[in-house]
2 protein chains.
Amino acid sequence: MSSIKPVEWLGDRLMIIDQTRLPQHEIYLELADVHQVAEAIKSLKVRGAPSIGVAAAYGIALGAQQIETQDLEEFRKAYKNVSAEIAATRPTARNLFMAVERMDDIVGRAPDVISAKDRLAAEAEKIHDAEIESTRLIAQNGAALIRDGDTILTHCNTGPLATTGSGTALGVIIEAFRQGKKIEVLATETRPLCQGARLTAWELRREHVPFRLITDSMAGHFMKGARVDMVVVGADRIARNGDTANKIGTYSIAVLAHENGIPFYIAAPSTTFDQRIATGDEIVIEERSPDEVTHLYGKRTAPEGIEVCNPAFDVTPANYITGFITENGILKS
Amino acid sequence: MSSIKPVEWLGDRLMIIDQTRLPQHEIYLELADVHQVAEAIKSLKVRGAPSIGVAAAYGIALGAQQIETQDLEEFRKAYKNVSAEIAATRPTARNLFMAVERMDDIVGRAPDVISAKDRLAAEAEKIHDAEIESTRLIAQNGAALIRDGDTILTHCNTGPLATTGSGTALGVIIEAFRQGKKIEVLATETRPLCQGARLTAWELRREHVPFRLITDSMAGHFMKGARVDMVVVGADRIARNGDTANKIGTYSIAVLAHENGIPFYIAAPSTTFDQRIATGDEIVIEERSPDEVTHLYGKRTAPEGIEVCNPAFDVTPANYITGFITENGILKS
């Protein structure tokens, strides 16, 4: 199987697979400047916390490359706009801000414009390589938790598309399958944008992992019926106390797993952990467009002119989390 | 506001509003024989446990009317097919079987064909009238539980469309609003068929009740955030011990309400209670077409050729249910 490259740096532009068009259309887009990268992150053409971090770093490197001055002070001033444009795309994923901070730090320490540009590109590649290596280790560490015969429930999409590497939660599942374990996956469709139905289904199918697609509302029913042995999902931001922001619906699944005595794991690289915040109360939850709930692919079903809530994430308190699967091993909650 | 007539008996045919076309199209269909009524129930053109029961009764009356014999034995033989066709439409709603049993009983006791036909039509109208009266009382009994300022979460559709009367859970909510209580509703879209987004949103809007539409996966998030004061939903079948089958996703909401200390009520007429079964384990859960999950609003989202689960209902154990709102008052679980 050829591996997917959701984000690829071409030296003077960034190539991504358009995740909003999958699974029907496998379309690669070349992003020629920082504005195009920012738009791609905002509109979820590139998504998943680790992939967002990688695209953000490359977007900043690209934007910096196109600043036309040799004066370091002028460059730093222009760079601030580039960095700010990327930082303003989405509020929740920790990886985005980690990338921005690392890039800002490079610019702060560079002796001149040419080396600043070179070092920014090198730093973005380093962030990318680190995510690939982290998710490879996460997949291996997590696979050890899965037993032959297990049925594993997962939510949203956390595979190669979401991470640029092996995947977090889905990486764990795919690695267990590659090791020859007979497993089955229950994948939630993940409304409103159906990352489970569109992307997880597409990735699991490419890997020939047996799975069944369910609506989000069915997860509890299957857990109650003793048809789920383990839950593993990804994360967008993890507070110091272990409270975890992830795709809307994760909290519900965690409570239902707890109620039914099913282990509930978060798989995430260390770049998703936010040491600056004590608890999940400090995590900003992105509110997205009402159209995502009332429409899909431009087709409206709900009546016109109604009120909608559309938080993209929720926060799962640490006490519902059995453990965190990281590149450094399994951390108990 | 003109009231909706989801099911109307015209003496020699049955008129229904096609619930699969709402909210975009308000189309009334005339069903001319028992086969058309059976098809309408199967395809959810008429749906909601009480409305199914009423349509089933009229469908049987209509089918019996069209049996062309004056011989009672021949009539009873042909009637069996009519009754069996209706009984085979959907397995879960108790109201359907209650209606079938009552109609069968009429035929068993009728002295001749003419009076059998007359009594069947009269019995169907009696079932219809009783559902209207029951839901009127349910709405009144339940409204007393709602306080000024409450935010009430509901799932699926349980208004006039679902009941032919005032509604069960939605009837309670609408009655509280009519009494002048300042309330707000959180309505789940209810995947896969979006009865919440399509029908509940349409009914609440007609009544001018303030509400916000959410995806099913958001219910837990709002309950955790202390933004829900009460949950009220309908039921398709209730066992002697109080275990309740209702739209898939109800169990999850009940667990999340329990975890967050929020009262969780079932609103249902006595025709939904099934005295013949001891617990929810005996309730048959309908498995519907995979297309309902792989498609959203008629458009395919998931890749082709994948496995899907699509249970239309789940069973909520009685211990998660605060009480049952019935025409006879509030029963504690």
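In which sense do strand β9 and β14 of chain A pair, and over how many bridges? The pairing is antiparallel, with four bridges between β9(A), residues 244-247, and β14(A). The model is predicted. The points below cover this strand pair, a residue annotated in UniProt, and a sheet in chain B.

- Strand β14(A) spans residues 313-316.
- Phe313(A) and Val315(A) point one way from this strand.
- Asp314(A) and Thr316(A) point the other way, and all four residues are buried.
- Lys247(A) has Phe313(A) as its bridge partner in β14(A).

**Asp236 of chain A**
- An unreviewed UniProt entry lists Asp236(A) under "active site".
- Asp236(A) sits in the loop between β7 (230-233) and β8 (237-238) of chain A.
- Its relative accessible area is 9%, so Asp236(A) counts as buried, the cut-off being under 20%.
- Leaving out residues up to four places away in sequence, Asp236(A) touches residues including Ala49(A), Arg94(A), Asn95(A) and Thr272(A).
- Among its other contacts are Lys247(A) and Phe313(A), the bridge partners from β9(A) and β14(A).

**The sheet in chain B**
- Three strands of chain B form an open sheet in the order β1-β2-β3, with antiparallel pairing.
- β1 (7-9) and β3 (28-31) of chain B are the edge strands, each pairing on one side only.
- From one strand to the next, the twist averages 20 degrees.
- Three bridges link β1(B) to β2(B), residues 14-17.
- Glu8(B) has Met15(B) as its bridge partner in β2(B).
- Helix α2(B), residues 49-65, lies across β1, β2 and β3 of chain B.
- This helix runs at about 30 degrees to β1(B).

Terms used:
Residues are numbered from 1 along each chain as its sequence is written. Chains are lettered from A and ligands numbered from 1 in the order in which they are written. This is a predicted model: local features need pLDDT of at least 70, side-chain atom pairs count only at pLDDT 80 or more; totals for chains, interfaces and linings use all residues. Side-chain values use heavy atoms; hydrogens and water are left out. Two strands pair if DSSP finds at least two bridges between them. Helices (H or I, at least four residues) and strands (E, at least two) are DSSP runs, numbered from the N terminus. Axes are lines fitted to C-alpha atoms, for helices over the stretch in contact, and angles run from 0 to 180 degrees between N-to-C directions. Contact means heavy atoms within 4.5 Å. Buried means under 20% relative accessible area, exposed over 50%, partly exposed in between (1.4 Å probe, protein chains only). UniProt positions are given in the numbering used here, feature names are shortened, and annotations may be inferred rather than shown by experiment.
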